[in-house]
Every structure is written in C-alpha cells, then in structure tokens.
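Subject: Structure handover

Hello,

Here is the structure I promised to pass on to you.

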Amino acid sequence: MSADNSCVRGAAAPETPVRASTGAIPALSYVREVAPYAPGKPIEELAREFGLKVQDIVKLASNENPLGAPETARRAIAATAHDVGRYPDGNAYALKNMLAQRLGVPQDWLTIGSGSNDILEMAAATLLAPGRSCVFSQYSFAVYALATQVRGARAIAVRARDYGHDLTQMARAVCADTRLIYLANPNNPTGTFVDAPTLEAFLGAIAPDVVVVLDEAYNEYLPPELRYDSIAWVRRFPNLLIARTFSKAYGLAGLRVGYGVAQTELSGLLNRVRLPFNVSSTAQAAACAALADDEFLQRSYQLNRAGLRELSAALRAMDLEIVPSFANFVLVRVGPAARVYQELLARGVIVRPVGNYDLPEWLRVTVGLPHENECFLKALPEALAAARACDL
C-alpha cells in the first residue's frame, strides 16, 4: 500500500485541474458587451514598468487634488481608527446633518454615496432598464454610458458643440422612453461649462417624468462670477438630482464619499437601491471635517486657478490647441496622443489619454502643484518630438 503524503506537514497539496470556461455563465448579453472603466495608471505601476523611483513620478491623470487631504480630515481619520471594527452609521447622520445645514435642505433630500459615481449608479439602477433610454452628451463622463449599458437601456449620445453640451439638441433627443439625462457641469473630460440661464431654461423644458442628473463634481473650482444656486433649482424641479463629491476640491478621492440632493420622492427611491453601509465611518468623519474646512477649500481653488492659467498659457505658447477649462484639468490636442502619452510615461509623467472618448489626438492633464506642472511642461516638448519622430 503506497503512502499518502497529502496530509503530511509541509507536503504540497495535489493540484485541482482548472476546468476551462465554456461560456455557459448566463450573463446578460448587454453586460458581456461592457468595456470596463479604465482608471488612470497608478504611480507604483509606472515605477515597476520603467524602473523609476516613486518620488520622481508626477501623476496628472486622475483630477485629484494635488494638496491631498486637508489636515483636519487627516485628524478625523485618525480619531476613527479605534472604531473600524464596527459598521458605520448606515444613515450617515452627522454628515447629512452638516450638509443639510450648509445647503439649507431637509436631511431626507440627501443621499450619501461612495463617491458621486455611486449617486450616478443609483440613478441608473432606479430608472433604467431594457425598453428605456438615457440621454447624455458626446465627450461626457464614461460612467454615463457604462451605467446605461449595464441596465440594458438605450444610450442616446448627443453630438457635442465646441466639445461641450448642446442642450438644445439634448432636449430634442428626449424620447417617449427616456427616463434619465446625465449632464456634467463643468464637464469631464473636456472642462466645458454651461451658464446658469441656459441650464435653467433646459431644466424647464424637460418633462417631469424624466430625471435630470446634474453632475457637479467640479463645481467648487468655478470662479465666483460663474457659480449658481442649483439647490434652488432642486426646490423648483422635483425631477432634478444634484450629484457632488468630496474627491476633487476637498481632497478625499481615496475615501470615496459623495452625495446627491433631490426632493424627498426621488431621494427616497435612490435610498431603496443604495447598498447598506456604502460609506465607511472613516470617510464620513473625514468628509465632515473637510466640509467645515473653508480655508483648505479656498486654498485648493486658488492653487487650481493659478495652475490652470499657467498650463493653458504654456500649452498655447507651444502652438497646441486646448479646450478652455472651468475644472481642474485641461484638454490638449497633441496629435499622436497614444505615443506622446507613452513618451511622457518614460519621462515619469502620467497624464490621461482620452481615445476612449473618441478623442484620439488629445490628452487630459490635471492641474498639479507648481513643480509638477513644471515637470510636465518640461517633458512635453521632448515627448512630442520623440513621438513625431516615429512618423518620419
């Protein structure tokens, strides 16, 4: 009788053969066709690929706040460390209470999400299904199309005007089966902006059974003269949902916390599909601290305005076309963008190619700290020359 060593300490367990997939998993066809969202390249990944030092890499790809999280939020994070063994407050009472007071709305008008992306997904889960349609603009945030496709709904992408939203054509594109409209202001990835009178007129032209999601992820970067009271519009339009985030100007991208503002009926529906405990106790505490830190928010705004002016002026001086931006990034036309992107990576600079937005000649560049912007502007002419040399 042969010895069985399978239970002997240190013996390797016999391998179970891996059975090849037969394609029999009964996934919905429209889910199989989804191309997953591709995030910006992480710094650590670039360091491994090119043998670079992490500290020498500049990441200007993901529209993060170059200041990082405010110190007030860092202290709040540390203060919650002892309690992470418990579930967070599923209703996010403290954060909702602060937001309600600041915005002047009832708490039941608020929905807390894992980033504003979560709010966008809740809207899709509530309103979209096969046999329904969703309207959004060409060159708008990729998640709008993804959220629509995953629900089996029909996407109506309206041709952009000057790389931004054409609200007249978007209103005309609404069909009998349309239940949702996504509209970003400022827009990502182009940075374009729709003024308040135009936006208000659009809201007034949309039927009450069509929900408009006004995605204001970059709202805090608008100069004071362009800001408008969208919360007042929520009081007038029961079909309006405002989506905002703490990932950008508030510097909390890694914690994933955002919120939606809508009247009671719509917010109640969103909370029916919201995942339980979707925002951690750490994220809630940090968001409360960041929301109260007006000095940090103003510093973030001022740094961004200065950096945006610097980048825009320098890129124009290189005779490169840019789209005037109202956010914390600039879209620049560089020609062979995929090659320029690779050349920048080799020089330790990460930006965002936007070929997946049907903008194959463009790169999106986040505003960084002054020395980070300088690194990019120094590397770009070299990258352009190297990329164009490949065509010779």
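What volume does the largest cavity have? The largest cavity has a volume of about 70 Å³. Before the rest, a word on the source: this is a predicted model, in which local features need pLDDT of at least 70 and side-chain atom pairs count only at pLDDT 80 or more, while totals for chains, interfaces and linings use all residues. Residues are numbered from 1 along each chain as its sequence is written, and side-chain values use heavy atoms, with hydrogens and water left out.

Cavities

A cavity here is a set of points, on a 1 Å grid over the protein atoms alone, where a 1.4 Å probe fits but cannot get out; lining residues have an atom within 4 Å of a point. Grid points are joined across faces, edges and corners, and a volume is the space filled by probe spheres set on the points. The structure holds two cavities of 30 Å³ or more.

Among the residues that line the largest cavity are Asp89, Lys96, Arg274 and Phe277. Its lining has four nonpolar, four polar and three charged residues. For these classes, Ala, Val, Leu, Ile, Met, Phe, Trp, Tyr, Cys and Pro count as nonpolar, Asp, Glu, Lys and Arg as charged, and the others, Gly among them, as polar.

The second largest cavity holds about 40 Å³ of space. Its lining includes Asn65, Pro66, Tyr221 and Val367, and the classes there are four nonpolar, four polar and no charged residues.

Pockets

A pocket, by contrast, is an open set of points with protein on both sides within 12 Å along at least five of seven lines. The largest pocket has a volume of about 610 Å³. Of its 28 lining residues, Tyr37, Ser62, Phe141, Lys248 and Arg256 lie nearest the centre. Helix α5 (residues 116-127) gives the most to this lining, with four residues. Helices (H or I, at least four residues) and strands (E, at least two) are DSSP runs, numbered from the N terminus. The lining of the largest pocket has 10 nonpolar, 10 polar and eight charged residues.

The second largest pocket has a volume of about 490 Å³. Its lining of 25 residues has Ser140, Ala142, Asn356, Tyr357 and Asp358 nearest the centre, and divides into 16 nonpolar, six polar and three charged. At least two lining residues come from each of β3 (133-137), α6 (142-150) and β12 (352-353), and α6 gives the most, with four.

Strand β3 is largely enclosed by the rest of the structure, because five of its five residues are buried (under 20% relative accessible area, 1.4 Å probe, protein chains only). Ser133, Val135 and Ser137 point one way from β3, and Cys134 and Phe136 the other way. β3 pairs in the parallel sense with strand β4 (residues 154-158) over five bridges; strands pair if DSSP finds at least two bridges between them. Ile156 in β4 is the bridge partner of Val135.

Thr178, in strand β5 (residues 178-184), counts as buried because its relative accessibility is 0%. Its side chain makes a polar contact with the side chain of Ser133 (2.8 Å). A polar contact is a pair of N or O atoms within 3.5 Å; within protein, one must be able to donate a hydrogen and the other to accept it, and residues adjacent in sequence count only if both atoms are side-chain atoms. Not counting residues up to four places away in sequence, Thr178 touches residues including Ser133, Val135 and Ile156 (contact means heavy atoms within 4.5 Å).

Best wishes

Definitions and conventions: Buried means under 20% relative accessible area, exposed over 50%, partly exposed in between (1.4 Å probe, protein chains only).
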